[in-house]
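Please look over this model with me.

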Amino acid sequence: MPHKSIGSLIAAFIAAVVLATLWGAIVQTQFNLAGLNSIGAGISSGVRWQTTLSDIFSGFTPTYGSYVVAPSLLVGFVVAWLIADDRYGRRLMWFGLAGGLALLAGIPLVNYLAPVALLIGATRDWACTILMALGGSVAGWLFVWISTPRPRARELESRTVAA
């Protein structure tokens with residue numbers, strides 16, 4: 001697999017974990033606030049922003065990032081690394097798919113194994129789980145974008161003509 005350096009792989013993985021973690025924190029906060037709103041709590045937009053920022057910088061984000069996102073993406077990216085070939089577009093596809101599927105499997109698994117009844121309460125709704133897993137797909141694309149040299153336009157033209 002072509003890559004820039006081991007440092008770029010580590011930086012790309014950290015960036016992917018941070019992105020997926022922030023994405024998931026925002027999604028679960030919005031689902032929780034929508035649930036409160038549906039029972040008449042009357043959540044204003046100011047409270048929405050304040051709560052979202054609070055959740056990003058509170059205990060949920062580091063817990064979600066370290067117990068769910070990092071291990072899930074690590075497993076997913078290793079599998080993608082073994083499957084993906086050298087073509088940039090294919091790497092994007094495999095790592096995006098691996099990141100999404102890793103979180104789609106990792107979230108319910110950690111919820112099941114967690115000592116508390118449910119680590120991520122908003123994931124009682126599958127739409128929330130799927131949206132959080134979408135953050136894993138975006139994280140996979142970010143990983144490839146940072147860690148893989150992109151082909152130049154002439155290389156793309158020669159590959160297209162040769163195919």
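1. Start with helix H5. Buried here are Cys128, Thr129, Met132, Ala133, Gly135, Gly136, Ser137, Ala139, Gly140, Phe143, Val144 and Ser147. Buried means under 20% relative accessible area, exposed over 50%, and partly exposed in between (1.4 Å probe, protein chains only). Helices (H or I, at least four residues) and strands (E, at least two) are DSSP runs, numbered from the N terminus. An α-helix has 3.6 residues a turn, so residues three or four places apart point the same way.

2. A word on the basis. This is a predicted model, in which local features need pLDDT of at least 70 and side-chain atom pairs count only at pLDDT 80 or more, while totals for chains, interfaces and linings use all residues. Residues are numbered from 1 along each chain as its sequence is written, and side-chain values use heavy atoms, with hydrogens and water left out.

3. What covers the buried residues of H5? The cover includes H1, H3 and H4. Contact here means heavy atoms within 4.5 Å. H5 itself has 22 residues and spans 31 Å from first C-alpha to last. That is close to the 32 Å expected at 1.5 Å a residue. The expected span is 1.5 Å times one less than the number of residues.

4. Now the fold. The protein chain has 6 helices and 0 strands. From the N terminus, the order reads α-α-α-α-α-α. Of the 163 residues, 37% are buried. Take the contacts in the chain with a separation of 6 or more: 77% of them come from residues 24 or more positions apart. The chain exposes about 9100 Å², and carbon and sulfur atoms supply 70% of that area. Accessible areas come from the Shrake-Rupley method with a 1.4 Å probe; for residues, only the protein chains shown count as cover.

5. Next, the largest nonpolar core. How many residues does it have? The count is 28. Those with the most contacts inside the core are Tyr64, Val69, Leu73, Phe95, Leu103, Met132 and Phe143. Helices H1 (6-38), H3 (60-83), H4 (88-113) and H5 (126-147) each supply at least two residues of this core. A nonpolar core is a set of buried Ala, Val, Leu, Ile, Met, Phe, Trp, Tyr and Cys residues joined through side-chain atoms within 4.5 Å.

6. Look at Gly99 in helix H4. Gly99 is buried, at 0% relative accessible area. Leaving out residues up to four places away in sequence, Gly99 touches Leu73, Phe77, Ala133, Gly136 and Ser137.

7. Is Leu101 buried or partly exposed? Leu101 is partly exposed, with a relative accessible area of 48%.

8. Ser147 belongs to helix H5. Ser147 counts as buried, at 0% relative accessibility. Its side chain reaches the backbone oxygen of Phe143 at 2.7 Å. Thr148 sits in the loop between H5 and helix H6 (153-162). Thr148 is buried too, at 1%. The side chain of Thr148 makes a polar contact with the side chain of Arg91, at 3.2 Å. A polar contact is a pair of N or O atoms within 3.5 Å; within protein, one must be able to donate a hydrogen and the other to accept it, and residues adjacent in sequence count only if both atoms are side-chain atoms.

9. On charges, the count is 2 salt bridges. A salt bridge is a side-chain nitrogen of Lys or Arg within 4 Å of a carboxyl oxygen of Asp or Glu. Arg87 pairs with Asp85, with the closest N and O atoms 2.7 Å apart. Arg90 pairs with Asp85 at 3.4 Å. Shared partners join Asp85, Arg87 and Arg90 into one network. Asp85 is partly exposed at 25%, Arg87 at 40% and Arg90 at 38%.

10. Last, helix H1. H1 has 33 residues and reaches 48 Å from its first C-alpha to its last, close to the expected 48 Å. Gly40 follows H1, with a positive phi near 90 degrees.
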